[in-house]
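Please open the model in your viewer and keep the selection panel at hand.

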Amino acid sequence: MADAIAAYERSWEFNRFDSKYDHFLRGEAELTEQEIRGMGLFVSEQKGNCAACHPSTASTDGTPALFTDFTYDNLGVPKNPENPFYTIPSELNPDGFDFIDLGLAITINDPAENGKFRVPTLRNVAITAPYMHNGIFKSLYEVVAFYNTRDLGPWPPPEVPENVNFEELGDLKLSNQEIEDIVAFLETLTDGWTGKAP
């Protein structure tokens, strides 16, 4: 059974790599001016710096970019008051609304990893809302805006205040237009691109 699942995971159906971005890299599509600006901001170490955790280049073995470095990070995400886990029966969640998701720390039983979650792939990210481990953000614009201004407010405090990444996000100095440009680029990462507007 494991071999069958592994074979399926290697198949075209599972690993399509046929987004507009993939077609662009193969010279089969052109990005709009906004998408190109967004791609530039995405990789810029002076602006978006998204590629620091979501590499946008192919691996040395030729595998197309997976847009994750597979590391773990605490982004300082606030609690989501709408999280349905808070209201499930007490035998499943004895803490109720006081529950704190410690992420990786629970899995490996190490408090030094409190609040860290695996960096997800950004492939197909435009169709996977809501965002973050607790679903607090409903749109990609909200996510990028949070990355951009987390340390400036008016965001609620982090669910887990320890280990927050203050080096790569929190005050990116992006304009609203630049946020929209990054979102436009992220929308090029959706598989199934046909060359036609959705």
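On a 1 Å grid over the protein atoms alone, a pocket is an open set of points where a 1.4 Å probe fits, with protein on both sides within 12 Å along at least five of seven lines, and its lining residues have an atom within 4 Å of a point. This is a predicted model, in which local features need pLDDT of at least 70 and side-chain atom pairs count only at pLDDT 80 or more, while totals for chains, interfaces and linings use all residues. Residues are numbered from 1 along each chain as its sequence is written, and side-chain values use heavy atoms, without hydrogens and water.

Select His54, Leu75, Pro120, Met132 and Tyr147 to begin: of the 39 residues that line the largest pocket, these lie nearest its centre. The volume of this pocket is about 740 Å³, and its lining comprises 24 nonpolar, nine polar and six charged residues.

Next, colour β2 (117–118), α5 (140–149) and α6, the elements that each give two or more residues to that lining; α5 provides the largest share, four residues.

Stay on α5 and show Leu140, Val143, Val144, Ala145, Phe146 and Asn148, which are its buried residues (under 20% relative accessible area, 1.4 Å probe, protein chains only). These buried residues pack against α6.

Finally, select helix α3 (residues 33–43) together with helix α6 (residues 176–186), whose axes are 7 Å apart and meet at an angle of about 100°. This angle makes α3 roughly perpendicular to α6, a term that covers 65 to 115 degrees.

Terms used:
Axes are lines fitted to C-alpha atoms, for helices over the stretch in contact, and angles run from 0 to 180 degrees between N-to-C directions. Angles under 35 degrees count as roughly parallel, over 145 as roughly antiparallel, 65 to 115 as roughly perpendicular and the rest as oblique. Grid points are joined across faces, edges and corners, and a volume is the space filled by probe spheres set on the points. Ala, Val, Leu, Ile, Met, Phe, Trp, Tyr, Cys and Pro count as nonpolar, Asp, Glu, Lys and Arg as charged, and the others, Gly among them, as polar. Buried means under 20% relative accessible area, exposed over 50%, partly exposed in between (1.4 Å probe, protein chains only). Contact means heavy atoms within 4.5 Å.
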